[in-house]
Amino acid sequence: SIVYFAYSDSRFEIDLNLFNRYSADFLNEGNMEEEPFYFINEFDPQLPHPRETIEAFINFFETGDIDLTPENVFSIQFLSHKFRIPILSQITEQYI
C-alpha cells in the first residue's frame, strides 16, 4: 500500500510499510481517511519548509538516513513530531 502526502502543489508517495516502520501509530489512529496528508496546514507554525527538506524527510523512510543541516533541522524536527517519528525526533534533538 501507498500513503500520500501533499506539499504546495506536489503529491508524494511513501510505501505504507516503510512509513509504519518508523511511525509511532500515526496511521493507526484513524488518520487514513484524511489522505492525502498535508505536510503543512494553516494551523501549523509557519516555519520555512523548502522542497529539499520535504524530499529529505520522505527519503528518510526509504534509506533510514537523513542529512541534517542548520537550514533544515527545525523543519525536520517539526515534521517528525507532527507525524510521530520518534527516531527522527531523537536524531534532530541530538543535532540541535
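1. Basis. The model is predicted: local features need pLDDT of at least 70, side-chain atom pairs count only at pLDDT 80 or more, and totals for chains, interfaces and linings use all residues. Residues are numbered from 1 along each chain as its sequence is written, and side-chain values use heavy atoms, with hydrogens and water left out.

2. Core. The largest nonpolar core has 25 residues. Such a core is a set of buried Ala, Val, Leu, Ile, Met, Phe, Trp, Tyr and Cys residues joined through side-chain atoms within 4.5 Å. Buried means under 20% relative accessible area, exposed over 50%, and partly exposed in between (1.4 Å probe, protein chains only). Phe5, Phe19, Phe57, Phe61, Phe83 and Ile85 touch the most other members. At least two residues of this core come from each of strand S1 (2–7), S2, helix H1 (16–22), helix H2 (51–63) and helix H3 (73–82). H2 gives the most, with six residues. Helices (H or I, at least four residues) and strands (E, at least two) are DSSP runs, numbered from the N terminus.

3. Helix H4. This helix covers residues 86–95. Leu88, Ser89 and Thr92 are buried in it. Seen down the axis of H4, the buried residues fall within an arc of 105°, so they line one face of the helix. The arc is that of the directions from the helix axis to the C-beta atoms. The buried residues of H4 pack against H2 and H3; contact here means heavy atoms within 4.5 Å.

4. Ser10. Where is Ser10? Ser10 lies in strand S2, residues 10–15. Ser10 is buried because its relative accessible area is 15%. Leaving aside residues up to four places away in sequence, Ser10 touches Phe5 and Arg51. With Arg51 there is a polar contact, side chain to side chain, at 2.6 Å. A polar contact is a pair of N or O atoms within 3.5 Å; within protein, one must be able to donate a hydrogen and the other to accept it, and residues adjacent in sequence count only if both atoms are side-chain atoms.

5. Glu55. This residue is in helix H2. Glu55 is partly exposed, at 31% relative accessible area.

6. Pro70. Pro70 sits in the loop between H2 and H3. Pro70 is exposed, with a relative accessible area of 59%. Pro70 and Tyr95 are 25 residues apart along the chain, and their C-alpha atoms are separated by 9.0 Å.
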